[in-house]
Amino acid sequence: MHPVRRQRLMIVAFIVVGASAAAALIFRALSENMNFFYPPAQIAAGEAPEGRTIRIGGLVVPGSLKRAESGLDLEFRVTDNKADLQVDFRGILPDLFAEGKGVVAVGELLPNGRFKADQVLAKHDENYMPPEVHEALKKGADPGVALGGGARNDR
Amino acid sequence: MIVELGHFALILAFGLALAQAALPMAGVLRGVRAWSGAAVPLACGQFLFVLVSFACLAHAFLTDDFSVRLVATNSNTLLPAWYKFSALWGNHEGSMLLWLTILAGWSSAVALIGKDLPIEMRARVLSVMGMIAVGFHLFVLLTSNPFLRSFPNVPEEGRDLNPLLQDIGLVMHPPMLYLGYVGFSVAFSFALAALWSGRLDTAWARWSRPWTTAAWLFLSVGITLGSWWAYYELGWGGWWFWDPVENASFMPWLAGTALLHSLAVTEKRGLFRSWAVLLAIMTFSLSLLGTFLVRSGILTSVHAFATDPERGSFVLAFLGVVVGGSLTLYALRAPQSSGPAGYSLLSREAALLANNVLLVVAMATVLLGTLAPLVVSAMDLGRISVGPPYFNLMFVPLMSLLAVAMGVGPLMRWRDSSGASLRAMLAVPAASCLVIAIAFPFTYAGHWHAGAALTAGLTAWLAATLVAGLRQRLRERGGLRALPMLGFAYWGMVVAHVGFAFSMAGAGLTSIYSDERDVRMSAGDSVTLGAYEFSFLRTRHVDGPNYSAERGEFTVKNVSGERVRHLKAEKRDYHSQMGNVMTEAGIAPGFLRDLYVSLGEPIGDGSWAVRVHHKPFVRWLWIGGVLMGAGGALTLFDRRYRRPSAQQPVR
């Protein structure tokens, strides 16, 4: 092969290999860090994986918020009007967290069926509702419950 | 009455935008100079009427005219005047009017400052800008009219501005960001005008470079302000969240930074021409994509205003027209070859190519992470979000490589530089990089940390290579006497690169060494965080102009027991119909570290949930952002932009 051609071939091969390796790494990183959203009904049906970071959301059940005697442990229940999910959290709730309002939590499902939240996100303004929560509530629709909540990242 | 006047002025401005798009174009096509020349008064007239419209809306906000729906939903009589004014753009309709005002402003700036452009070129650029303006005028008038009245049910009182937005950060952040976003429309218009005329030459690069730099510097400052605002106003000490809307502003910044650097190559060497055009198209398209993401409410984000599918589809259609149209023009007109000039692997061209590749790959990874949730949801595979670990994983290697290239680039010569002289110049920077990388983690924290070593080493590398570059320049030009003659463009580059080093060091070190704890505290309790002891003294009730608050007072002592700072953190309850509660953090800022306290919620028996932070080097992030903006501003004063008629011959 002509040396110039050979050199070009090497360059092209290098670019192709490099680009595919980079693409593979990027997609791997992406798929490892995708957090799926599950409403309580799907979790109750056993569709959510355990031990992987997922997001859940719905309305906070009124009267379900309980705090520990000391420390910052707390628990509350989230509902999509079809099923409830018990959420455990240690830390500070967002300012706009309220019972009866929309909430999204990031964390993992434990073998005992409870959800351990690392992060709780609550409403941003009253016109805004995270699309996931809206959809989850629509699916489990109960005409008695107004879709009044919204969401805000706890930043 | 004034409100209707504003609406009327906006419709007139729309008419002028139509004329600005059509008349100069016809002038260029038919060769009628008078029509081409009309672009200037039309652009200025459009700006004037949009400005009138903006002023009318501002008047409605300042006089609490609650018959205007926008004022009633976003303002309140108790609001300080300053925030009444900024409430104008704290909502969808008003922010789009701000967008239009800035677009018309850039347009008339090109018309007035670009006097040295050939009349046809100016007509082409202004015509393209007129077309963009037509699209946005239609968007505002058809889907987002800010002047809607709510007769006959005029509310007594407005619903108030979201308390998070009642802050100096919000007064400044959106206008700066928009100046940047929209400013890239100028670079885009220059690129399209050059494609249209078929003269994609070094003159084109020289014309569009200062405009690109100006847009870029505003975007840099805008993003920095946003990060700073999130840090102190959202109350929880975060400074970047890889939130879709943050990404939406970051992507044009990455593409714009690449554009800035490739235009340098085009201007100096006539290379990278079609690539630079593509980047200009990409940058502005990403600005529009950002608008689409924010305005459609399609993504979950703190920035999402109330959603409206109609608006989303409008912006998406507009994006389709802009991207489709400009790429078609590109495909038809892009130059096939870059000309005869070649360059070696050890040349400034090669270093800038590396810069471009890295920045575009970084942009692509952000784009992928931002759009993946949309794609997955559109394919009905469920609802996902992409976590920050993905972005961090991508950015650490990419930015490290970028920093390495950034150190070498300015030392290289155009075309070809000798390996021996490079080695000689790089010996000291490489050694200092190594020494600092090894020494820093031990001296700062007392133990090894690979990430901290990488960050410190790269920061030292950037600083040392800049010094080496300065020495080389001075030696070539005859010693220290040459110092005042190095030119604004050179100093601009130095300042901006120092800024990047600061931001990189700040991001790396604060991520690694920050410490935070959530604790339950009652008055009298203390908590130790690293070398600091935070004591909770008491809470007090305080009243602000439009809120009441519980104020927690803290003192912070260092190891030797000296009192370092007294901090006040507040939990505010705003008196408005929204009934919003907000956290106002207590921050002791410092060059080397911030101490940060925020009050969570009261949890019975008089105790509070409290979060305390120790955040080393966090300020470097924003110092860096401001320096990058300042560097951009410096280059605008360079000689070659002051007398564009005295053009440098192209080698």
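**Exercise 1.** Determine how the reach of helix 13 (residues 348–378) of chain B compares with its expected span, and locate its kink.

*Solution.* Helices are DSSP runs of H or I with at least four residues, numbered from the N terminus. In this predicted model, local features need pLDDT of at least 70, side-chain atom pairs count only at pLDDT 80 or more, and totals for chains, interfaces and linings use all residues. Residues are numbered from 1 along each chain as its sequence is written, with chains lettered from A and ligands numbered from 1 in the order written.

Step 1. Helix 13 of chain B has 31 residues and reaches 44 Å from first to last C-alpha, close to the expected 45 Å (1.5 Å times one less than the number of residues).

Step 2. A kink of about 40° lies at B:Leu371, shortly before B:Pro373; the bend is the angle between axes fitted to the seven residues ending there and the seven starting there.

Step 3. After helix 13 of chain B comes B:Asp380, with a positive phi near 60°.

**Exercise 2.** State the domains of chain A and their separation.

*Solution.* An automatic or database assignment gives domain 1 (1–34) and domain 2 (37–122) of chain A. Their C-alpha centres lie 43 Å apart.

Note on methods
Helix = DSSP H or I, 4+ residues; strand = E, 2+ residues; numbered from the N terminus.
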